[in-house]
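Follow this walk through the model with the sequence at hand.

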Amino acid sequence: MRVFCPELLGTPMSRIIKAFVFLFSFLFFFSVAVVGATLYLLWEYSRGLPDYKQLAQYDPPTVTRVHAGDGRLIAEYAVERRVFVPVSAMPRPLIGAFLAAEDQNFYRHPGVDFTALARAVITNAVNVVTQRDRRPIGASTITQQVAKNFLLTNELSFERKIKEAILAFRIERTFSKQRILELYLNEIYLGYGSYGVAAAALNYFNKPLDELTTAEAAYLAALPKAPNNYHPIRHYDAAISRRNWVVSRMQEDGYITQAAAEAAMQEPLKVVPRSAIQIVEADYFLEEVRRELVDRFGDRGLYEGGLSVRTTLNSKLQRIADKALREGLLDYDRRHGWRGPVARISSGGNWVGYLREVTPPPGSGTWSLAVVLDVAEAHAEIGFSNSARGRIPLAEMRWARETLDDQKVGPSVKRVSDVVAVGDVVLVEAVTRGEAGKDGKAAEYPPGTFALRQIPAVSGAIVALDPHTGRVLAMSGGFDYEMSEFNRATQAHRQPGSAFKPFVYLTALDHGFTPSTIILDAPFVIDQGPGLGKWKPANYTKRFYGPSPMRIGIERSRNLMTVRLAQTIGMEPIVETAKRFGIADDMPPQLSMALGAAETTLLRLTNAYAMLVNGGKRITPTLVDKVQDRNGRTIFRHDNRSCEGCNVAAWNGQEAPVIPDTREQVADPASAYQIVSMLEGVVKRGTGRRISEIGKPLAGKTGTTNDSRDTWFMGFSPDLAVGVFIGYDQPKPLGDHEAGSTVAAPVFKDFMEQALAGHPAVPFRIPPGIRLVRVNATTGKPASNRDRNFILEAYKIGTEPDAATQSTFIGGGNADQPGEAPSEAPASPARGLY
């Protein structure tokens, strides 16, 4: 038996043992120190970390999308253009593309991919040692990117990476992989102003996610690292290379077959900008919608709420309205002459450079700036900023007579030099043919022919709405939104002039008068009070026509008849009618108001006319049908009527549900129809005769204020109400011989002609309680069988005239009561009335 001896401690074996013990102790204490330091770092960096549990209530800012009535997208409002889509609704190839490109071990790692991390460390170290000029590669997992994008900043630092890893571990323990993927795919920025894959699919390819091809999905997955480096236009080759790399990774990871991968790599990268399909321009309409949404939901609700807004806009009618208004403003402007060139420059050798320095004026739209290089007898030679050349024939500038004071124009244009000179910078538009002559033929122009253009100084607006619901179908508030954002349909308060008269006559009909009531058309003077002088209204023609039926007062827009009628029934009921129809809320009860002196807006007046043709039912003009939140829940609906039986799963022979008519009755339907019938006479025989050329049942009324400062035409078919206003923003006379019939009515006609094209002629609906009687169109008395000048007049049952009864007479300053025969001579005038 061997006994331990101290001498053995000096042997080589003992030294090995001592070294082993020392090494073990060092490693132990080092490990403890490392673990301690790690725990300390984890504790230190864990303090103050954002609460990752907030991701459970992820509610990102998403884009609000505005649609026309036909479902067409017409606008988006957003701080970040994002469309949230649940991961369960995303196609598998798209998800596979992002996993293959960004995190192929996503479903296997706990938040940090240690394998990828080690590979990145080694690769970067090799690159440093070998001095390869390559960008360091990363190993961030999708979970880490979620932590960075939602909870941290983009700061490049060791500290941020540690925090990112800590949060990634915590997120993995709290949320499912699918939820993490959903957060990532809806939050990531992919260029083109796109936040999330759904917005990117729309902005790059104008497609929903489920319509993306494999190549398109791979391209989107290639973007997270550096969207600008793979821009589909500026860096096309790099974009193709990166996309094909993603496709190859998808094939390696089993998301697609080899054949599918080869086909995807051969597919060209075609971007379809969304602007290319936005063909509906409705800037004034959209601005009104935006304001309404802000008032109802606030700025945050509009720009971050992800609302889905269905508007009332009819895309076809909006295009027609814009075109009709622009052409009407241009026609008026050309009648009043040429105001001169946009600018003048030298036409010397560097005219291209000088021309490029001229800024196109707002409102020029698609017109081009050109400089006059030479003036010949029959044409002007012009040059463009791209060095191209063209010519303006004399025929395309004959309208450009010199503008004089008081809306007058100079002598006719006989030569090109009467209009332009060398060095003039003008606006032009390419044309292929001239205006049709008396024979209906138009001259054909060779390529490079242009017409002289001028931005109108006058402004106007047009509104079209559904008279049964108040839905605004089209709205244009000016010549060009870029030129002026002021909406003359809703913001311009102007005097309607004679366009208000139908509501005076409606009040009279409600007070027992009939369309055959005789009203004296003769001089009218009233003392307005001390120091105010006498008020002497006059007809537009400055003539007097004697006793005439009420219908003539509307058809021929007789001011004197209207004032006498208003004086007879009193202004208080007229003021009440104006308020009831929403024309004016606080109209003073003065006789001048009967001639349209109270200011209103085009939209309010159009809505009032709509309530005439719909049988006197109250409607409220609206631009928004309904609004849904990001989850599809309806949070606003214009039509709140209940409909029992509308939500059945299928039709099994049951009766169709009946939606109740809850509209308030604001006028007697019979009185309203009598006004409609008289306004139809305006189109057939009165101041709106040019409208009758359309050949459809239409009714309307012109409106012209003093000195022709404001011109209107308000009218309707049985199912479409339209209003037109034209005037200067700073009111001034439109010129001699300009009135509602010559300025506004042509716009109404152009609009209705196109809007009703292809639709059958629908007569105006006659309500119960109306009887049509043949009467003489001039006298209002019953017509004989031999009378050719007759019309069918609308009477309330019990008020029909007969040959033995004289019509009610309103003359002088007093009026006989309805139903009474007039005295042999006109009644004595009231005090101050002549």
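**Strands, a pocket and covered helices**

Three residues link strand 7 to strand 8 in a hairpin. The model is a predicted one. Strand 7 covers residues 368–375, and strand 10 covers residues 424–430. These two strands pair in the antiparallel sense, over four bridges. Within that pairing, Ala-370 sits opposite Val-426 of strand 10. Strand 8, residues 379–383, also pairs with strand 7 in the antiparallel sense, again over four bridges. Here Val-371 faces Gly-383 of strand 8.

Another open sheet of five strands has the order 13-12-22-21-20. Its pairing is antiparallel. At the edges stand strand 13 (472–476) and strand 20 (699–704). Each of these has a single partner strand, so one side of each is left without a neighbour in the sheet. With direction ignored, neighbouring strands of this sheet are turned by 5 degrees against each other on average. Strand 21 holds residues 710–717 and strand 22 holds residues 720–727. Eight bridges join this antiparallel pair. Phe-713 has Val-724 of strand 22 as its bridge partner. Helix 20, residues 745–755, packs on the sheet. Its contacts there are with strand 12 (459–465), strand 20, strand 21 and strand 22. Helix 20 makes an angle of about 150 degrees with the direction of strand 22.

Strand 20 leads on to the second largest pocket. The largest share of that pocket's lining, three residues, comes from strand 20. The space inside is about 1,400 Å³. How many residues line the second largest pocket? The count is 49. Asn-539, Tyr-540, Asn-559, Thr-704 and Thr-705 lie nearest its centre. By residue class, the lining has ten nonpolar, 23 polar and 16 charged members.

Helix 8 runs over residues 214–221, and seven of its eight residues are buried. The buried ones are Ala-215, Glu-216, Ala-217, Ala-218, Tyr-219, Leu-220 and Ala-221. What covers them? The cover includes helix 2 (92–102), helix 7 (197–205), helix 9 (236–252) and helix 10 (258–266). In an α-helix, with 3.6 residues a turn, residues three or four places apart point the same way.

Helix 14, residues 501–510, is also mostly covered, with nine of its ten residues buried. Among them are Lys-501, Pro-502, Phe-503 and Val-504. The buried set also includes Tyr-505, Leu-506, Thr-507, Ala-508 and Leu-509. Just past helix 14, Gly-512 adopts a positive phi of about 100 degrees.

The last stop is backbone angles. Most residues other than glycine have a negative phi. Ser-557 is not a glycine, yet has a positive phi of about 55 degrees. Ser-557 sits in the loop between helix 15 (550–555) and helix 16 (559–569). Is Ser-557 buried or exposed? Its relative accessible area is 11%, so Ser-557 is buried, given that buried means under 20%.

His-737 also has a positive phi, near 65 degrees. His-737 lies in the loop between strand 22 and helix 20. The relative accessible area of His-737 is 72%, so this residue is exposed, the cut-off for exposed being over 50%.

Conventions: Residues numbered from 1 in each chain as written. Predicted model: local features only at pLDDT ≥ 70, side-chain atom pairs only at ≥ 80, totals over all residues. Heavy atoms only, no water. Pairing = 2+ DSSP bridges. Axes fitted to C-alpha atoms, helices over the stretch in contact; angles between N-to-C directions. Contact = heavy atoms within 4.5 Å. 1 Å grid on protein atoms, 1.4 Å probe; cavity = no way out; pocket = protein on both sides within 12 Å on 5 of 7 lines; lining within 4 Å. Points joined across faces, edges and corners; volume = space filled by probe spheres on them. Nonpolar A, V, L, I, M, F, W, Y, C, P; charged D, E, K, R; others polar. Buried < 20%, exposed > 50% of the residue type's maximum accessible area, 1.4 Å probe, protein only.
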